Amino acid sequence: MGNVTTRITTDKQVPGFWRVTLNHPPINTVDDQMYDEIFDLVEAIEAEPSLKVVTFESANPDYFLAHYGVGESTSRFGKPRWIEAATRLTHSNVLSIAVIRGRTRAGGAEFALACDLRFASREKAVFGQPEVGFGLIAGGGALARLPHLVGRARAIEITLGGDDFDAETAERYGWINRAIPDAELDGFVANFVRRILSFDSQALNATKSILNQNGLPRQAELQSTQAIFGGTLRSSAALEKMAKSRERGLGTAGEFELDLGRQIADL
């Protein structure tokens, strides 16, 4: 397990509950270093028998997780073990909850999809899978997970259209569990966590294990799409689109990233 964390902090003050904060300025991109830290965190989650629930939130109110930060860092594994970490998190005994404010796109949205539950700020959360606009595919789990949640037609709308979605639409589609007024979001999550902590671990674990038998993609599906994503990264179309988008502000705090769903249609 890695010894140094630079993208993730974990508050373990409440027994049975870890509160994880994601923090990679300036816009919370998911780079290889963050993927490594997520892998280490999942190992720690699996190793803690008293843990019942873990929440994930962002230190940046404008970005829960922006997207994959191509070339920002290197993984100690060579290629980050994201699909393995995501699968293990989903199948662990621990209940994982994404508490979403700000933009949640591409690899960031796929991280949220790997969590068991997604509660979002009605006013501040934005969702998108914009990969096709860059000549890529969604390789971190969206193509396998979204159809189980929203159905095939809406998954096509989300991934082929590449546009941004507000929290109310995401809730209506089944992409997230609830869109909650921002002022009420923290209180709602805190109350939900208290309920989970009050229940018997054996009953919680058995219930989640049975529910996992239906509605989850196979790891082979996830690995296959990740491999295809790696190939599209090297395509001439993707390289051209990425160069243009960097010129316009990809990866920096500004108009291009804030309004990415609209901006990619103009590349």
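The model is predicted. Its sheet is open, with strand order 4-6-8-9 and mixed pairing.

**Sheet and packing helix**

- The open sheet has four strands in the order 4-6-8-9, and its edges are strand 4 (63-65) and strand 9 (164-166), each of which pairs on one side only.
- On average, neighbouring strands in this sheet are turned by 25° against each other, direction ignored.
- Helix 3 (residues 107-114) packs on the sheet and touches strand 4, strand 6 (103-105) and strand 8. The direction of helix 3 makes about 90° with that of strand 6.
- Strand 8 (residues 126-128) pairs with strand 9 in the antiparallel sense, over three bridges.
- Phe-127 stands opposite Phe-165, which is in strand 9.

- The side chains of Arg-88 and Glu-43 form a salt bridge, at 3.9 Å from N to O.
- Arg-88 belongs to helix 2 (residues 82-91) and Glu-43 to helix 1 (residues 32-47), so this pair ties together parts that are 45 residues apart in sequence.
- Arg-88 is partly exposed, with a relative accessible area of 22%, and Glu-43 is partly exposed at 27%.

- Arg-122 forms a salt bridge with Glu-168, and their closest N and O atoms are 3.8 Å apart.
- Arg-122 sits in the loop between strand 7 (117-121) and strand 8, while Glu-168 is in helix 6; the pair links distant parts of the chain, 46 residues apart.
- Relative accessibility is 35% for Arg-122, which is partly exposed, and 42% for Glu-168, which also counts as partly exposed.

- Glu-255 and Arg-262 form a salt bridge, with 3.7 Å between the closest N and O atoms.
- Glu-255 is exposed, with a relative accessible area of 57%, whereas Arg-262 is partly exposed at 41%.

**Arg-172**

- Arg-172 is found in helix 6 (residues 167-173).
- The relative accessibility of Arg-172 is 55%; exposed means over 50%, so Arg-172 counts as exposed.
- Arg-172 and Val-150 are 22 residues apart in sequence, and their C-alpha atoms are 9.1 Å apart in space.

Conventions
Residues numbered from 1 in each chain as written. Predicted model: local features only at pLDDT ≥ 70, side-chain atom pairs only at ≥ 80, totals over all residues. Heavy atoms only, no water. Helix = DSSP H or I, 4+ residues; strand = E, 2+ residues; numbered from the N terminus. Buried < 20%, exposed > 50% of the residue type's maximum accessible area, 1.4 Å probe, protein only. Pairing = 2+ DSSP bridges. Axes fitted to C-alpha atoms, helices over the stretch in contact; angles between N-to-C directions. Contact = heavy atoms within 4.5 Å. Salt bridge = Lys/Arg side-chain N within 4 Å of Asp/Glu carboxyl O.
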